[in-house]
Amino acid sequence: MIQVHPAGNRGHLDHGWLDTRHTFSFGQFHDPARMGFRALRVINEDIIAPGMGFGKHPHRDMEILTYVLAGGLAHTDSMNNTSVIGPGRVQRMSAGTGVVHAEHNASDTEPVHLLQIWLLPDAAGHPPSYEELDLGPGDIDGRLRVLASPDADDGATTWHQDAWLYACRLPAAGEIGHVLAPDRHAWLQVARGTAQLGGVGLEAGDGAAVSGESRLDITSIEGTEFLLFDLA
């Protein structure tokens, strides 16, 4: 079964400095029917104005991954990590027993556009940790590149959940498949472009929940970039 979650049905808040769209309930947007999918709890698409951002704030017991589409996001945290995350660099932070961090647009002239992803961990109380993954040129072109997994396969970042996150970029008419093991589920999030999943059309910002399927067949219509979650 494939259930499409259209981009236009996301929660939308425009704070001036932050234009944000929430696939699942988050902050001021609450829908009891949209509290996540399996361990996947948050997919926020954020556009942060130049020079603006989130001041220091705490998290705990959450697996957080940031995927930047354009611009640069400056990050600092209580684990003494300092970095600027841009396209081609993935950031994974396990909040665990508690971490404080801040995120700001690294530019005073251009916005930063990103997806922030939260997964529930497999257990509470993990030690906080932080990783980055640098993707080489073309690293996600025409293949499902692992960004995060429970065992760091293919050089991925490691999180505390039975979940694999892949990124892929396909040209127009490009195709790719993914086999789901029995009792596994998937979420496809289209970041850019248009695609079809099992013949179902998807546009940028659309998500699709998949259960009871053994294989996913993804076709790009006009070129697409997407994230694919393989979930317990």
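Predicted model: local features only at pLDDT ≥ 70, side-chain atom pairs only at ≥ 80, totals over all residues.
View 1. Residues are numbered from 1 along each chain as its sequence is written, and side-chain values use heavy atoms, with hydrogens and water left out. Strands (E, at least two residues) are DSSP runs numbered from the N terminus. Two strands pair if DSSP finds at least two bridges between them; E4 and strand E11 (residues 112-119) do so in the antiparallel sense over eight bridges. Further along, Val42 has Trp118 as its bridge partner in E11.

**View 2. Strand E4 is mostly covered.** Eight of the nine residues in strand E4 (residues 40-48) are buried, where buried means under 20% relative accessible area, exposed over 50%, and partly exposed in between (1.4 Å probe, protein chains only). Strand E3 (residues 18-22) runs antiparallel to E4, joined to it by five bridges. Look here for Asp19, whose bridge partner in E4 is Ile47.

**View 3. An open sheet of seven strands takes in E3, E4 and E11.** Its order is E2-E3-E4-E11-E6-E9-E12, with antiparallel pairing. At the edges are strand E2 (11-14) and strand E12 (129-134), each pairing on one side only. Neighbouring strands of this sheet are turned by 15° against each other on average, direction ignored; axes are lines fitted to C-alpha atoms, and angles run from 0 to 180 degrees between N-to-C directions.

**View 4. An open sheet of four strands has the order E5-E10-E7-E8.** The pairing in this sheet is antiparallel. Strand E5 (53-59) and strand E8 (82-85) are its edge strands, and each pairs on one side only. On average, neighbouring strands of this sheet are turned by 20° against each other, direction ignored. Within the sheet, strand E7 (residues 73-77) and strand E10 (residues 99-105) are paired antiparallel over five bridges. His75 stands opposite Glu103 in E10.

**View 5. The largest pocket has a volume of about 250 Å³**. A pocket is an open set of points on a 1 Å grid over the protein atoms alone, where a 1.4 Å probe fits, with protein on both sides within 12 Å along at least five of seven lines; lining residues have an atom within 4 Å of a point. The volume is the space filled by probe spheres set on the points, which are joined across faces, edges and corners. Of the 17 lining residues, Leu18, Phe26, Asn44, Asp46 and Phe54 lie nearest the centre of the pocket. Elements giving two or more residues to the lining are E3, E4, E5, E10 and E11.

**View 6. His185 is buried in strand E17**. His185 has 15% relative accessibility and belongs to strand E17 (residues 185-197). Contact means heavy atoms within 4.5 Å; not counting residues up to four places away in sequence, His185 touches several residues, including Phe37, Arg38, Phe229 and Asp230.

**View 7. Asp183 has a positive phi.** Most residues other than glycine have a negative phi. Asp183 is not a glycine, yet has a positive phi of about 70°. Asp183 sits in the loop between strand E16 (175-179) and E17, and is exposed, with a relative accessible area of 72%.
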